[in-house]
Amino acid sequence: MNILESQLANRLHDMMDDEVGSAPPALAVLSRGQRAGRRRTATMVATASLAVVAVGGVTVAAVAQPWAQRGPGALAQSRPGAAAQVPAPRPQLAAAVAASQNISYRVKVTQTYGPGSVQTTDGAFDPASATGYLNSTSSGAGVTYEERLVNGVRYVSSSGSPDWKQDPGTYDRLSYDQNLNGAPSASVDPQQLFETLRNSGATVSQTGPRVFHFEVTVDTPATARTTLSQAFVGDVTLNADKRIAKVAYRRTDHGTKDGSAFTETTPVTVELSSYGLPVRVDKPTSVVGVK
Amino acid sequence: MDRARPLSAADTSFVAFVESAWQRHVRLAMLLTGDRWQAEELLQDSLVKMYERWRKLSRRDDLHAYLRRALVNNHTSMWRRHRRENLVADVPDRAAPTGFDSDIEARRALMSLPPRQRAVAVLRLYEDLSERQIAEALGCSVGTVKSQYARALEKLRYLMREPTYQGDREDR
């Protein structure tokens with residue numbers, strides 16, 4: 001090395017020697033890798049998931065209503081011709097979707113990837129103020145992820161990291177994709193879910209006074225290396241105010257990747273509550289901005 | 001938090017590798033990105049990609065070299081996608097009197113280099129790799145490394161004004 005190179009090398013080493021070390025977020029990286037692996041087997045899931053619990057343009061199934069035989073309206077509904085007065089499931093669910101949109105809510109999402117591997121996320125969001133939070137815990141690797149959205153400014157943190165990081169720009173929604181790993185999360189983001197309920201297709205039937213059953217299979221476009229077909233089966237439950245209280249579904253992925261067949265099933269439960277209540281989130285105290 | 005589920009052998013070895021590699025490679029990532037936050041993101045992304053191939057990779061004995069190559073390539077890809085490193089505009093337009101007066105000045109000069117030149121310079125000057133090792137790390141020829149390194153030095157020399165003599169002139 002000449003003098004210039006020596007000076008540069010010494011300067012670089014001096015600079016880095018002065019840097020404060022950070023704890024290796026080994027478990028966080030492991031968890032990301034595990035989730036990326038699951039996501040890899042479900043290419044295009046985000047798009048496919050948008051079809052879950054879809055209503056618009058549906059093929060409305062023959063409505064089986066066993067609850068009607070037992071419920072308060074059993075007599076009326078069992079009379080000849082009474083069934084024709086029962087609203088079809090599609091408009092009822094569409095109305096519930098409309099009532100659940102553009103309003104604050106609390107949310108809890110549970111995804112089960114296998115025995116002992118459960119990801120649980122709690123959160124709340126007020127679309128009017130673009131304020132909310134998500135706390136996500138992955139039991140398999142014992143890793144937590146957190147997000148706070150304060151008046152459109154997003155702060156994120158994970159276990160092993162002492163600081164919160166502020167994402168550049170402003171946002172009008174929580175990043176379910178990051179906190180819930182993208183694939184299933186597109187269908188658990190209530191705002192996207194609600195849009196899906198309005199616009200996509202599925203087979204829907206009403207199985208209880210406030211319960212709608214849905215089934216849909218989505219074939220995603222094949223790539224050179226991957227084929228994927230996804231079957232969604234689940235139920236939507238409304239609350240007393242006829243807003244969506246719970247969406248529970250099981251997603252089964254069938255496909256091939258590089259010639260190897262795979263099948264993976266992921267149960268997902270999205271519970272919504274506290275519609276219309278105020279959401280208050282404080283800005284983190286220790287924030288590292290992105291340049 | 002449920003930690004009852006034990007990690008698999010592969011996951012355990014991966015966690016051990018991350019713990020051993022983090023401090024060493026986060027500094028390399030900082031020199032490539034010029035920013036700690038981006039460096040940690042870059043390193044995490046590279047490690048996650050390694051995890052996806054861990055069952056095959058874990059049998060290799062050059063894991064650190066593999067991670068180094070992944071870091072450089074991911075950084076180049078990231079730079080091409082975003083092109084939003086914001087320190088370039090702050091590079092001084094004339095040379096400093098003698099060398100870099102501060103770490104900030106040196107960092108800015110380094111960040112003024114295109115990512116490939118920067119990678120070559122960092123791998124040569126900080127990682128102390130040979131030209132052949134750098135070529136292997138970057139997946140290019142030794143000739144390319146030489147030309148990239150020469151251009152990087154030329155620009156850094158302009159920014160810091162290399163001393164033109166090696167001894168004390170008054171002693172002659």
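Colleague: How many residues of helix 6 of chain B are buried?
Modeller: Residues are numbered from 1 along each chain as its sequence is written, chains are lettered from A and ligands numbered from 1 in the order written, and side-chain values use heavy atoms, without hydrogens and water. Buried means under 20% relative accessible area, against over 50% for exposed and in between for partly exposed, using a 1.4 Å probe and protein chains only. Helix 6 is mostly covered, and the buried ones, B:Val120 and B:Leu123 among them, number 10 of 11.

Colleague: Which element of chain B has the highest mean pLDDT?
Modeller: Chain B has 8 helices and 0 strands, taken as DSSP runs numbered from the N terminus (H or I, at least four residues, for helices; E, at least two, for strands). Helix 5 (residues 103-111) sits lowest, with a mean of 78. The top mean, 91, belongs to helix 6 (residues 115-125).

Colleague: Where in chain B is the pLDDT below 50, with 27 contacts in the model?
Modeller: Residues 162-172 also stay under 50, with 7 contacts (heavy atoms within 4.5 Å) beyond four places in sequence. Where pLDDT is low, the predicted coordinates should not be read in detail. The stretch with 27 contacts beyond near neighbours in sequence is residues 84-98.

Colleague: Why do helix 1 of chain A and helix 8 of chain B count as roughly perpendicular?
Modeller: Their axes, lines fitted to C-alpha atoms over the stretch in contact, are 11 Å apart, and angles run from 0 to 180 degrees between N-to-C directions. Under 35 degrees is roughly parallel, over 145 roughly antiparallel, 65 to 115 roughly perpendicular and the rest oblique. The two helices are therefore roughly perpendicular, as they pack at about 80°.

Colleague: How many residues of that contact are nonpolar?
Modeller: A:Leu4 and A:Leu8 are among those of helix 1 of chain A that meet helix 8 of chain B, with B:Leu153 and B:Met160 among the partners. Ala, Val, Leu, Ile, Met, Phe, Trp, Tyr, Cys and Pro count as nonpolar, Asp, Glu, Lys and Arg as charged, and the others, including Gly, as polar. Besides 1 polar and 2 charged, the nonpolar count is 6.

Conventions. Predicted model: local features only at pLDDT ≥ 70, side-chain atom pairs only at ≥ 80, totals over all residues. pLDDT = per-residue confidence, 0-100.
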